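Look at the structure first.

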Amino acid sequence: MATDPRFTGLVEAARALQPRTVALRRKIHKNPERGLNLPLTQAAVVHALDGLGLHVMTGEKISSVIAVLNGARSGPTVLLRGDMDALPLQEDSGLSYTSEIDGAMHACGHDTHTAMLVSAARLLTSRKEALAGRVVFMFQPGEEGYHGAKYMINEGILDAGGRPIERAFALHITATDTSGVVRSKAGPMLAAADNFVVRITGRGGHGAIPHDALDPVPAAAAIVGALQTMVTRHISVFEPVVVTVGRITAGTTSNIIPETAELEGTFRSLSEASRAKVREELPKLCHHVAATYGCTAEVDLHPGYPVTVNDDVIGPHVVDLASAVLGQRYAAPMPTPLMGAEDFSYVLQKVPGAFAFLGACPPGVEPADADPNHSNRVHFDESALANGVAMYAAFALDTLR
């Protein structure tokens, strides 16, 4: 693979596109949009793809963009994904191209994903004679909790090339890894993420005479601790699960025992078996603990994204591909999964493929000290984008031999 002529000059071609990549990234960064409706971002992508000879389609219910490149010869179809939506944060990065929209910021780097995928489309168009098959470019809104990939699947993204997708690939930038390094692995890459809300009901009263009330606050506190014991006593230590309570709400002032208390949290798991076990045990625990305090509990479970699972062959192959195309120092296996979640998991449930990380730690900063994704001060090294463009293109070239 290292001597494959299709990869010759690939990185150099990606670097030649760097001014275009950076310009589009900064344009999108200045005008972040959230959720499933991203009209400005959609228009920017459609404009950037204009003139490439691609078959471009936009979403029916969401602001998605699908572009199809037909190679010179018949063959399979490969999908490349870039997500486009931002987060509800007020930017404080100090960048010259900072967000111009109050309360919205590309703090997870989706602006870079979009720009890299557009440049990959441009690069692959210039090499379409080497493609035996077709490439479907998936520009997706609503990754940040809106299930955008699921919407695109329902609208036919997996058949957009005229035949089923046979391989799929997505990159995700991270500020806390060495700039330009690509990491991937076989099996689970990211966790399933589900949320829960627990409402504990007792009987309100005066803080001076708690024995005449049924205080839901101690019950809520006991549930928080018991949830951690549930993980260690009901789930195998070889099946990682994380339960976090992120919000506790109760009461109005210091001398009133409230009638209700509410907990909200998330649980993350790396297999459907452990996910199902938590969904079974969490409500039972909340009901029983609340009952010991004379209270009742209502539990609402809100399913989130499933586990992101790489194909056992394609996942490690991405690391080999990075080594061949970018050089060995830019390729590294990912030793363990992360407990974050990703809706590319919906694609990988249906298509063999891989999800990989691209490091983009800013210059002069150690990765461990860099502001992470989802921080309102995060900053990505834009020089890493050329490696991302090259990897998108290499995955397609390698698949469509």
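Q: How many salt bridges does the rule find across the interface of domain 1 and domain 2?
A: Zero salt bridges are found there. A salt bridge is a side-chain nitrogen of Lys or Arg within 4 Å of a carboxyl oxygen of Asp or Glu. This is a predicted model, in which local features need pLDDT of at least 70, side-chain atom pairs count only at pLDDT 80 or more, and totals for chains, interfaces and linings use all residues. Residues are numbered from 1 along each chain as its sequence is written, and side-chain values use heavy atoms, with hydrogens and water left out.

Q: Which residue ranges are called domain 1 and domain 2?
A: Domain 1 covers 10–190 + 307–400, and domain 2 covers 192–304. These bounds come from an automatic or database domain assignment.

Q: How much area do domain 1 and domain 2 bury between them?
A: The two bury about 730 Å², 68% of it on carbon and sulfur atoms. Buried area is the accessible area (1.4 Å probe) that two parts lose on being put together, summed over both. Val307, Met339 and Ala341 supply 69% of what domain 1 buries against domain 2, more than any other three residues.

Q: Why is Ser269 called buried?
A: Buried means under 20% relative accessible area, exposed over 50%, and partly exposed in between (1.4 Å probe, protein chains only). Ser269 has a relative accessible area of 0%, so the residue is buried.

Q: Which residues does Ser269 touch, not counting those up to four places away in sequence?
A: Contact means heavy atoms within 4.5 Å. Ser269 touches Ala191, Ala192, Pro240, Val241, Ser274, Arg275, Val307 and Met339.

Q: Is Lys350 buried or exposed?
A: Its relative accessibility is 57%, so Lys350 counts as exposed. Beyond its neighbours within four places in sequence, Lys350 is in contact with Ile153 and Leu158.

Q: Why is His113 called buried?
A: The relative accessible area of His113 is 0%, and therefore His113 is buried. Leaving aside neighbours within four places in sequence, its contacts include Gly82, Asp83 and Tyr392.
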